[in-house]
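I shall record each look-up in turn.

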Amino acid sequence: MRVALRAAALLPLLTVGLVGLAGAPAQAQQVAATIDSTASLVHYTGTAPLHSWRGTSRSVQGKFVLRPRRPDSSRAVIRIPVASFDSGNSTRDSGMRDVTEADAYPFVTFRGTDFSPLTWGRGASGYRGGWAVSGELTFHGRTHPLRDTVSVEVAGDTVRARAEFDVSLTRFDVERPGFMGFTVGDTIRIDAQLAGPIAPDTLASR
């Protein structure tokens, strides 16, 4: 997990974002949504020496509230059933559920604890920008900090967010399965694409 911004670069970006909000209308003050699982998905990409593959879950659950003017009160909780990932190969998916002990640890969960708008303002279709998000990722019964930059777009009555980051299997004590003498790569690439309707109180502020 890397946020490729140094502290020296963060301050001017944050200042630009907040100054841009100073004249923004009320609807920019809060973006709240419940994730729509029919419009959201999370991919993971795994690798092995001879190939790579992708598993997809369309059973994403969660809520988030982003407050550009009071980022310390923003929050997010995202949860995905481990067994919901489908790679198109039932044998591989069964093996994934075995090594992640999905029966004992059925969910991957992220809880956001710290939020900072890096850039935020009105675009052609609505408000958009990037947020530096920190929190805790719980997977396979282990919890570790996670930091990433999340792209957020508000258009009409829908908010969309996207994050891409890496997860180390060994860091979460997941056994790396082998096949024909080859071992699955330690790094799993996550691509989360989330969408949901904006909460009524947000819409009411327009």
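The entries below concern the salt bridges of this predicted model.

Entry 1. I began with the count and found that the structure holds four salt bridges. I recalled that side chains of opposite charge can pair when their charged atoms come close.

Entry 2. I then checked accessibility: D173 is partly exposed at 44%, and R142 is partly exposed at 27%.

Entry 3. I turned to D191, whose side chain meets that of R162 in a salt bridge at 2.7 Å, N to O. Because D191 sits in strand β12 (residues 187-197) and R162 in strand β9, the pair ties together parts that are 29 residues apart in sequence. Is D191 buried or exposed? I found a relative accessibility of 9%, so D191 counts as buried, the cut-off being under 20%. R162, at 38%, counts as partly exposed.

Entry 4. I next looked up R189, which forms a salt bridge with D166; their closest N and O atoms are 2.9 Å apart. R189 is in strand β12 and D166 in strand β9, so parts 23 residues apart in sequence are tied together by this pair. The relative accessible area of R189 is 33%, and I therefore recorded R189 as partly exposed.

Conventions: Residues are numbered from 1 along each chain as its sequence is written. This is a predicted model: local features need pLDDT of at least 70, side-chain atom pairs count only at pLDDT 80 or more; totals for chains, interfaces and linings use all residues. Side-chain values use heavy atoms; hydrogens and water are left out. Buried means under 20% relative accessible area, exposed over 50%, partly exposed in between (1.4 Å probe, protein chains only). Helices (H or I, at least four residues) and strands (E, at least two) are DSSP runs, numbered from the N terminus.
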